[in-house]
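Here are my notes on this one, written as I went through the coordinates. Have the viewer open while you read.

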Amino acid sequence: MKNFTITVIHAAFLEEGETPTAVAKVHTEGMDLFQATEYAYRYTNNVDGSWSMKIGEDAQDNVEVIAPLIMHNGQQFGRRSTSVGDVMLVDDGEGFQDYFEVAGFGFEPCAAIDFKIGDIVIDLQKEVDTA
């Protein structure tokens, strides 16, 4: 059992040219990898309230919202639920770091992807090219 920090990256449903967006960091304690990814998935879904607006049973203190909420016509809306095709960057703080794509059932290991946090794009290809 370990403590994980999971960066949830919304990569599904993008328009051409859009960059996947990191929307949350989920901090877990005393879980295995399977439990941690399942927990991150569950608590970045709008089941009973809004995970990103911290409403109802979806509100969890160990889910840190790192993307701005959506503004539309002057009204604020929460982030969408995590879905198939989204990606989780799992980090145990001890050197293990890997990417997993949300599958139809569970999670599948996947290649690292470029993503943005706020206005900053994490360009993994550029980092590889300059190393």
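This is a predicted model: local features need pLDDT of at least 70, side-chain atom pairs count only at pLDDT 80 or more; totals for chains, interfaces and linings use all residues.

The points below go from ground rules to the cores, the helix, the hairpins, a loop contact and the aromatic rings.

1. Ground rules. Numbering starts from 1 along each chain as its sequence is written, and side-chain values use heavy atoms, with hydrogens and water left out.

2. The main core. The largest nonpolar core has 19 residues, and Ile6, Val8 and Val26 have the most contacts inside it. Such a core is a set of buried Ala, Val, Leu, Ile, Met, Phe, Trp, Tyr and Cys residues joined through side-chain atoms within 4.5 Å; buried means under 20% relative accessible area, exposed over 50%, and partly exposed in between, with a 1.4 Å probe and protein chains only. At least two core residues come from each of strand E1 (2-10), strand E2 (21-31), helix H1 (33-42), strand E8 (87-91) and strand E9 (97-102). E2 gives the most, with four residues. Helices (H or I, at least four residues) and strands (E, at least two) are DSSP runs, numbered from the N terminus.

3. Leaving out residues up to four places away in sequence, Val26 touches Phe4, Thr5, Ile6, Val8, Tyr39, Ala40, Thr44, Asn62 and Val63; contact here means heavy atoms within 4.5 Å. A second, separate core has six residues, including Ile9, Val87, Leu89 and Phe115.

4. The helix. Which residues of H1 are buried? They are Ala36, Thr37, Tyr39 and Ala40. They cover an arc of only 160 degrees around the axis, so they sit on the same side of H1; the arc is that of the directions from the helix axis to the C-beta atoms. These buried residues pack against E1, E2, E8 and E10.

5. E8 and E9 run antiparallel, joined by five bridges (strands pair if DSSP finds at least two bridges between them). Leu89 stands opposite Tyr99 in E9. Five residues lie between E8 and E9 in their hairpin, and Gly93 in the turn has a positive phi of about 75 degrees. E9 also pairs with strand E10 (residues 107-110), antiparallel over four bridges. That hairpin has four residues between its strands, with Gly106 in the turn at a positive phi of about 85 degrees.

6. A loop contact worth a click. Asn46 lies in the loop between H1 and strand E3 (49-50), while Ser81 is in the loop between strand E7 (75-77) and E8. The backbone nitrogen of Asn46 lies 2.8 Å from a polar atom of the Ser81 side chain, and the Asn46 side chain reaches the backbone oxygen of Arg79 at 3.1 Å. A polar contact is a pair of N or O atoms within 3.5 Å; within protein, one must be able to donate a hydrogen and the other to accept it, and residues adjacent in sequence count only if both atoms are side-chain atoms.

7. Rings. There are two aromatic pairs. Rings of Phe, Tyr and Trp (its six-membered ring) pair if their centres lie within 6.5 Å; planes under 30 degrees apart are stacked, over 60 edge-to-face, the rest tilted. Tyr39 and Tyr43 are tilted, at 4.8 Å centre to centre and 50 degrees between the planes. Tyr41 and Phe107 are edge-to-face because their planes stand at 75 degrees, with centres 6.4 Å apart.
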